[in-house]
Structures are given as C-alpha cells and as structure tokens.
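Reader: I would like to learn how an annotated residue and a contact between domains can be read from a model. Could you take me through them?

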Amino acid sequence: MADFQTSTHRAKWIFTPQQLVDKYRTTNQRAKQMLEKCGTTKMEVDADGSVTYPEPQATENSDKHSRPKSLSCEEEEFMRVYYEFKLREVCGAFYFPHKIQATALTYFKRFYLQWSVMEHDPKHIMLTCIYSACKIEENHVSAEELGKGISQDHQMILNYEMIVLQSLEFDLIVYAPYRPVEGFIHDIEDSSHAAEDQIQMFKDSATAEVDKIMLTNAPLLFTPGQLALAALRNANEVLGVVDFESYLQNILLRQSSEHTVPELINILDSIDSWVKKYKFPTERDMKHINRKLKSCWGHGSHDDKKREKKSKHKSHRSSHDSRNAPAPA
Amino acid sequence: MPSSDPKLLWLFGSAALVSQLLKTMGDGSNNRGSGGGGNSEKPEWLQQYNLIGKIGEGTYGLVFLAKTKSPPSSRGKSIAIKKFKQSKDGDGVSPTAIREIMLLREITHENVVKLVNVHINHNDMSLYLAFDYAEHDLYEIIRHHREKLNHPINQYTVKSLLWQLLNGLNYLHSNWIVHRDLKPSNILVMGDGEEHGAIKIADFGLARIYQAPLKPLSDNGVVVTIWYRAPELLLGAKHYTSAVDMWAVGCIFAELLTLKPLFQGAEAKSTPNPFQLDQLDKIFKILGHPTQEKWPTLVNLPHWQSDIQHIQGHKYETNALHSVVHLSPKSAPFDLLSKMLEYDPRKRITAAQALDHEYFKMEPSPGRNALVPVQPGEKVINYPTRPVDTNTDFEGTTSLQPPQQMVSGNAMMAGAHGMGRGGPRPMHMGMQRMQPQGMAAYNLQAQAGMGGMNPGGMPMGRGVAQAHQQPHLRRKDPPMGAGYPPQQKSRR
C-alpha cells in the first residue's frame with residue numbers, strides 16, 4: 001500500500017468545507033437546468049458502460065406548474081445520507097470487513113461530488129461502489145452474487161462499474177481511519193498502564209466513533225489520522241485511558257510537527273461538529289424526496305417504453321432519426 | 001431524448017472528468033458527429049495516437065507502440081499502450097487492470113514505469129493503459145551481449161543498471177509494494193532521449209512484455225519462468241515479504257555478469273501450482289544446501305517437510321557461486337550478490353541496505369545513463385530496439401496486408417529506431433553519482449494515513465518519491481540539500 005503523504009487521496013480528495021458546498025451546488029444546478037431543458041434528470045448507463053444524456057425537449061409542452069421540481073441541495077444530502085446508511089447495512093449483511101465498507105463509502109461520497117443524485121440513482125451507485133470496493137480490496141465478490149444477496153439486478157452493477165471507476169478518476173486506493181486508530185492505540189498501550197480489557201474497550205469504542213464519523217462529510221475534509229484522533233478523543237472521554245491533551249502534545253513533539261496542540265484540537269472539534277450535525281432523514285422526508293425524484297426521472301410516462309426500445313436498437317442512426325420526431329408530451 | 005456522449009472518454013491530464021462530462025452535456029448531437037458514423041473503425045481517443053504496431057502479448061492482453069500526434073511540430077512521443085481485455089468470467093472490468101492502475105496512480109519514481117493515461121473502450125469494455133515507452137529491456141540487452149556481441153556487459157553498465165533497479169525497488173518496498181515478478185524482461189531501459197539509459201520497473205504482476213511473435217512461446221522460458229523465484233516461495237511459504245524481490249534482483253545481477261540465467265530450472269507443470277523440485281535443485285547445486293542453522297524457519301516450510309527424500313536427497317555441501325559468476329569471493333560485487341542470495345529471507349539484504357553497499361562506492365560509480373559508459377574511450381553499444389509487429393491493429397487483429405508490406409514496415413522501423421540514431425556519444429559524467437534520496441519532512445498528514453503502522457511518527461525508512469528529472473543528462477546532480485529535504489538515514 002502506498003504512502004498517504006504522496007497519495008491521490010491526500011492530493012485530490014480532501015477539500016475545504018466551501019469547496020464541498022460549491023461542488024454540491026454545481027451538480028445540483030446542472031441537474032436542475034437539465035430538468036428544465038429536458039424534462040428529466042436521469043442519465044442512462046448502457047451495458048457498455050457509456051452514459052447517455054437526456055436531450056432538450058423540442059417544445060414548451062407543459063405549463064410551469066405541472067413541471068417536475070428538482071431536489072434542493074438539502075434534499076440531495078438526505079438522499080446521500082440515507083443510501084450511505086443503506087450501504088453499511090448491505091456490507092453488514094455480507095459480513096464484509098470494515099475496510100471494504102469504508103472504501104465503498106468513500107467511493108460513494110466521491111462519486112456524488114461529480115454527480116447529482118438526480119442524475120444517477122444512488123441505489124445503483126451504492127451497490128456498484130460496494131462491488132468495486134470488494135474488487136480493489138482483494139475480496140472479490142461477483143456481481144451476480146452481490147445482486148442475488150439483495151435481490152437486485154446484477155447487470156446494473158456491471159453497467160455502472162465503468163462510470164463509477166471513471167468518476168473516481170481511477171484513484172482507487174483510499175485510506176480509512178480504522179488502521180490509524182489501531183496504530184494510535186498500540187502507541188498508547190506502550191506508554192500507559194491500562195489493562196488489556198480496558199484497551200480493548202477503548203478500541204471498540206473508538207471504532208464505533210469512526211463508524212459515526214464515516215457517515216458524515218468529515219472524510220472528505222480531514223485526513224484519516226485526524227479522523228482517528230477525533231474518534232479516539234471521544235472514546236477516551238468516556239473511558240479515560242490517557243490524558244488526551246498531553247498525548248496529542250507527545251505525538252506532535254515526536255514528529256516535530258508544525259501543528260500546535262490548539263490547532264489540532266480545533267481540527268478535532270470541527271470533526272466532532274460534523275458528527276453532531278449529522279441528521280438522518282425521517283421516513284416522511286424520504287417519501288417526499290422519493291416522490292420528487294421519481295418525477296425528475298420521468299417514471300411512469302412514455303419515457304420508459306421509449307428507452308426500452310432505444311436500448312434494443314442502440315445505433316447512431318436510429319437515435320438520429322428519432323431526434324426529429326415530436327417529443328412526447 | 002437521449003444521445004450518446006463520446007464512446008471513449010479519456011482521463012487524467014486535464015481537470016479531467018467533470019469538465020469532460022460537462023462539455024459533453026447538452027450538445028450530444030455534435031459529439032455523435034465526430035464519435036461514430038463513418039470512421040467508427042477508429043475510436044475517438046485513438047486519434048490522438050499514431051499506431052506503430054504490436055510489441056507484446058500476454059494473458060491479459062496486448063501491448064502496442066504508438067506515437068502521440070501532438071504537438072504537431074515534434075516527432076511525437078513514443079507511448080506503449082497496454083490493452084486489457086474484459087475479465088473472462090463476465091464480471092466486469094479486469095481486476096488485474098484495476099490493480100495495476102490503482103498502484104501506478106499512487107506512485108511516481110524515476111525508476112518505475114510511468115502511467116500517462118487510461119482510456120476506456122466501451123465497445124468491448126476494455127481498458128487501455130498508456131505508458132511512457134522504453135525501447136529496451138534487460139532481457140534483450142543480455143541476449144544481445146550473449147548472442148551477438150559475445151562479450152560481457154561492461155562494469156559501469158552492470159553497476160548502473162543494478163543501482164537503478166535497487167533504487168526503484170527501494171521506492172516500491174518503502175511504499176509497501178512487492179513486485180513479485182521481477183525478471184529481465186520486466187525491467188525496461190529507456191532509449192535515446194532525455195532519460196536515456198534509465199531503468200523503469202514495469203509490469204506489476206501483470207501482462208508480460210514482448211514476446212517475439214515469430215518464436216514459439218515454449219522456446220522461451222521467460223514467459224513462465226521460475227528462475228527468479230525465491231527459495232521460500234519454492235518451498236511453499238504461505239507468507240512472504242519484499243525479500244522475494246531481492247532474491248530476483250540477485251539472480252538478475254548474476255545474469256548481468258555472466259549473460260546466463262543463474263538458476264535455470266526446468267519447470268514442473270503438472271498441477272496449477274506444482275512443487276518445483278528441479279528449480280530448487282539448481283539453486284542448491286550452486287549455493288549448497290540450506291541448513292537449519294543458517295535458516296531457522298526452514299523446517300517449517302511445507303515442501304521442506306513433506307518432500308524430505310527428494311529435496312534432501314542430494315547433498316550439495318559447497319558453495320560454488322563465486323566460480324559460476326567468476327568473481328573473487330572477497331570482492332565487493334560478490335559480497336553484495338551473496339547477500340542478495342541469502343537463503344533466510346529475514347537475513348537477506350534489503351534494497352535500502354544494498355544501495356548503501358561498498359560495491360556502489362567503488363569506481364566506477366553508477367550513473368544515470370547506464371548505457372553510456374563514463375570513460376571517454378569506452379565503446380558505446382547500440383542495443384537493438386524492441387521488435388515491432390507492424391501488422392496489427394489496436395484490436396490485435398492482423399490486418400490483411402501483403403507480406404512485402406510487412407517487410408518494408410519493419411525496415412522502416414529499423415531506420416527509425418536502429419543504428420541511424422544515437423551514435424557513440426562519449427559523455428563525461430565521472431562525478432555524477434546518484435544519491436539515495438532523503439526522507440521527506442514528517443508531518444501530521446504524513447502520519448495520518450499510516451498511523452496504523454506507525455503512530456509514533458518514527459522514520460519509516462522510505463526514500464520519498466523525489467523523481468529527479470534531470471533537464472539534461474550532462475548536468476550534475478544538484479548537491480544534496482538543494483531542493484531536497486535534509487538527508488536522514490533510512491531504516492536499515
């Protein structure tokens with residue numbers, strides 16, 4: 001495994017809070033404009049992994065009120081939060097190790113920096129992220145097996161694989177905070193007189209804290225080591241294994257870091273605030289969002305039939321011909 | 001209604017994906033015009049390259065030589081394009097391709113092959129990896145000396161090749177990457193140009209480099225060779241370390257000296273992973289039998305236990321290595337070689353230690369251009385370039401060209417790559433010696449990812465990826481300290 005310091009993770013996938021806001025706004029706006037122009041936001045992904053974009057509707061065929069409304073940035077966030085939780089459930093059902101789950105979660109988060117949930121169904125993306133994470137972490141599970149386990153069409157996973165890899169820009173090695181947690185605990189163990197079972201409790205509790213952190217945006221904002229320290233600090237508050245502040249001082253000293261303890265504490269505080277801010281959508285929220293999303297995707301209209309036909313005769317000529325046909329109302 | 005975006009997107013290089021995708025949004029009709037239709041034979045991304053021909057073939061796919069079209073003024077840069085077929089079992093993108101991409105995306109080193117682009121061909125869901133092209137490899141260089149020149153590779157070249165190989169390997173190992181498949185054909189050497197004579201470690205456990213298409217595969221042990229396999233692997237060790245790569249380097253070092261593979265065992269092929277008795281016998285014959293004294297964990301290895309009568313049947317007591325490689329047992333190169341061929345992987349020399357060995361401190365010092373000796377009077381050898389099969393297209397299908405055309409195609413290649421260019425160029429680089437690179441300053445972020453390994457912030461003994469790209473070969477190395485972090489001792 002390569003080194004975090006020179007990694008693509010560090011160089012390309014750690015952002016400022018403002019950058020995240022901007023990215024989410026950009027994809028949201030893009031989907032919104034597409035909805036206005038094309039009447040749908042959904043991209044089709046074909047069996048060959050290529051993406052098909054909706055085309056502008058030829059005429060103003062409906063009045064403003066019956067037009068589907070796009071999701072807000074907040075609603076999009078709810079969707080992501082919901083499916084990240086689902087992702088963890090699926091990984092749990094397959095008894096995948098923590099690392100796979102963390103990798104899949106990271107892929108999912110990164111994917112939706114590039115796309116709106118209105119453009120690609122998060123359910124499909126979630127499964128494809130799990131599938132890809134298994135491949136990368138050398139824990140190969142066939143798409144068929146994965147699909148079967150949760151009664152989903154596995155072809156869809158294969159269709160989405162390429163677009164997911166592409167959206168991740170093939171930066172596939174990701175660093176989760178679980179290993180740093182273990183490392184810090186080994187380190188603390190060496191210098192503390194804590195009993196073995198206390199250390200084990202410390203570890204379990206810190207791992208649970210990391211689990212919480214991984215469901216927030218913090219992994220896109222902080223390094224795995226910082227996330228691990230935030231988790232350890234919270235675990236330590238309950239268990240009191242070490243004097244945490246002097247431990248932080250100790251680490252900074254040993255690596256002659258430019259950071260000061262107050263700076264580091266500041267970072268840990270903001271990680272905590274992400275965990276505190278975490279909000280899981282209610283059933284009612286999800287019902288509302290899903291209804292909106294369905295209308296964004298134009299389900300239940302002629303579109304479905306049309307798409308079916310299209311995928312059967314997927315040639316440039318046919319799509320060229322049909323471009324001149326009147327758009328369905 | 002939907003329209004297709006270009007069938008082939010290419011990544012990296014630019015602000016890449018998002019802008020690429022945004023660009024293709026909403027104006028799908030334009031894209032279709034250029035992407036499909038009449039010239040659908042040539043994928044869009046391919047149009048940035050001129051295909052020269054096929055240079056290699058392996059189980060995972062094919063390797064092509066191409067030249068970039070831009071900038072139009074220059075000759076174009078040579079690129080090796082490795083095509084990965086979709087995984088056979090219908091399970092999506094080839095895991096081996098993914099493995100190679102994900103590793104190479106994370107690493108940058110002057111002695112490791114550089115991945116410059118990844119292309120996706122949606123037609124057959126295959127991936128094309130574009131690398132900087134290296135004209136030579138150790139297999140061809142050794143063969144040239146053995147079969148054409150009949151004289152050994154000069155000392156400077158051997159030492160420089162070995163040093164660079166260790167330099168790249170030290171980088172990989174300090175990044176926790178074990179190559180596992182080092183052999184002369186996987187170790188490329190740059191041809192004429194800015195990086196002339198620089199080693200590039202290639203093929204991360206993946207496709208094999210060039211196989212002369214006219215030769216039957218069975219003639220050529222190099223494809224499935226076990227000659228470079230470490231004894232702990234041959235004896236069935238379940239776990240192994242970066243020491244397996246060092247064994248291979250030892251074998252390669254000996255081969256550079258003698259032009260012959262050191263341990264040329266016959267491969268057993270009965271079962272998928274058979275016990276390679278003959279290979280072990282070849283090793284024991286030269287190095288003497290391993291003993292529990294020298295290699296305490298030896299007795300725990302599965303094959304050592306289960307196959308006592310065969311393995312321990314012959315008793316080779318003496319170590320004949322020095323006479324095989326024609327080195328004095330007291331010489332520095334012999335000392336280094338025997339430390340690489342240490343039986344006990346735990347005692348075997350590491351890449352970092354090897355770089356610090358006496359051998360590299362003696363004259364001639366290793367240089368950046370391994371192919372051009374330091375001494376002004378010394379003869380420069382024009383190594384043959386990789387044979388190119390100009391008779392294929394990117395799908396790997398052979399085009400129906402008359403044979404004459406193939407001949408002229410090859411002749412053209414020889415003209416372009418062979419003796420015409422790069423005549424003897426005496427270079428004075430006596431002072432030029434590459435230094436092991438120092439550690440980067442260690443900070444919180446550095447620790448973050450590896451915290452699990454090393455929470456205390458102890459130096460982790462890695463030569464940091466400081467690709468010192470020399471703008472010109474003749475320039476001396478910058479003094480240590482200029483632009484480099486303070487030198488720190490690596491872990492020994």
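Predicted model: local features only at pLDDT ≥ 70, side-chain atom pairs only at ≥ 80, totals over all residues.

Reader: Which residue does the UniProt annotation "binding site" cover?

Author: UniProt positions are given in the numbering used here, feature names are shortened, and annotations may be inferred rather than shown by experiment. In the unreviewed entry, "binding site" covers K83(B), a residue placed in strand β4 (residues 78-84) of chain B, where a strand is a DSSP run of E, at least two residues, and a helix one of H or I, at least four, numbered from the N terminus.

Reader: Is K83(B) buried or exposed?

Author: A residue is buried if 20 or more other C-beta atoms, placed from the backbone, lie within 10 Å of its own, exposed if 12 or fewer, and partly exposed in between. K83(B) is buried because 23 other C-beta atoms lie within 10 Å. Leaving aside residues up to four places away in sequence, K83(B) touches G61(B), L62(B), S126(B) and Y128(B), contact meaning C-beta atoms, placed from the backbone, within 7 Å.

Reader: How is chain A divided?

Author: Domain bounds come from an automatic or database domain assignment, which here gives domain 1 (15-167) and domain 2 (178-277) of chain A. Their contact takes 11 residues from domain 1 of chain A and seven residues from domain 2 of chain A.

Conventions. Residues numbered from 1 in each chain as written. Chains lettered and ligands numbered in written order. Contact = placed C-beta atoms within 7 Å.
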